[in-house]
Amino acid sequence: MKRIIHPVAGAVALLTIATFWLSTLATELFGSTASVIAVKTAIPWGFLHLVPALAAAGATGFSMVKGRKPHGLVKRKAARMPVIAANGVLVLIPAALFLASRSRAGNLDTWFYVVQLVELSAGAANITLLALNLRDGLRMKGRLRQYRNAA
């Protein structure tokens, strides 16, 4: 069961964060103030399925290697997880709550956009790290070949 839950939960988490990030970027670049406010106030509600998905992916991943010393791709995936979690808990969640609060109040000022840039940067980092974990998981399952440069 873990071998089913882990990739599904990881994919849900990655797609959710990517949706938050792309929605934010699209509304900031092409949307109205009302659409920015709608996106920024909706994102915290997405935590209701993002946080359990991340927790399920992390818990099942760690339980699959329980009792063994991680090496190779497993070690790289495990090393990324604390960075992903810290980035989420220390930057992304507080930033999303701050931005939702500011946007609900109609206060899209300089601080809103400073925090917005921080959130987009941190979100891009988490998307990258989760995508690397996905890639390494696919390699571990033999569903993705590992190419080496012949240079």
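User: Before we start, what are the ground rules for the model and its numbering?

Analyst: This is a predicted model, in which local features need pLDDT of at least 70, side-chain atom pairs count only at pLDDT 80 or more, and totals for chains, interfaces and linings use all residues. Residues are numbered from 1 along each chain as its sequence is written, and side-chain values use heavy atoms, with hydrogens and water left out.

User: Why is Arg80 called buried?

Analyst: Buried means under 20% relative accessible area, with exposed over 50% and partly exposed in between (1.4 Å probe, protein chains only). Arg80 has a relative accessible area of 11%, so it is buried. This residue lies in helix α3, where a helix is a DSSP run of H or I with at least four residues, numbered from the N terminus.

User: What makes the pairing of Arg80 with Asn133 a polar contact?

Analyst: A polar contact is a pair of N or O atoms within 3.5 Å; within protein, one must be able to donate a hydrogen and the other to accept it, and residues adjacent in sequence count only if both atoms are side-chain atoms. The side chains of Arg80 and Asn133 make such a contact at 2.6 Å, and those of Arg80 and Asp136 make one at 2.9 Å.

User: Which residues line the centre of the largest pocket, and what is its volume?

Analyst: The volume is about 820 Å³, meaning the space filled by probe spheres set on grid points joined across faces, edges and corners. A pocket is an open set of points on a 1 Å grid over the protein atoms alone, where a 1.4 Å probe fits, with protein on both sides within 12 Å along at least five of seven lines; lining residues have an atom within 4 Å of a point. Of its 30 lining residues, His6, Met64, Lys77, Gly137 and Met140 are the closest to the centre. Helix α1 gives the largest share of that lining, seven residues.

User: And what is the volume of the second largest pocket?

Analyst: That one has a volume of about 380 Å³. Its lining takes its largest share, eight residues, from α3.

User: What makes a set of residues a nonpolar core?

Analyst: The set must consist of buried Ala, Val, Leu, Ile, Met, Phe, Trp, Tyr and Cys residues joined through side-chain atoms within 4.5 Å. The largest one here has 16 residues, and Ile43, Phe47 and Leu50 have the most contacts inside it. Apart from it lies another core of five residues, among them Val36 and Phe112.

Definitions and conventions
Helix = DSSP H or I, 4+ residues; strand = E, 2+ residues; numbered from the N terminus.
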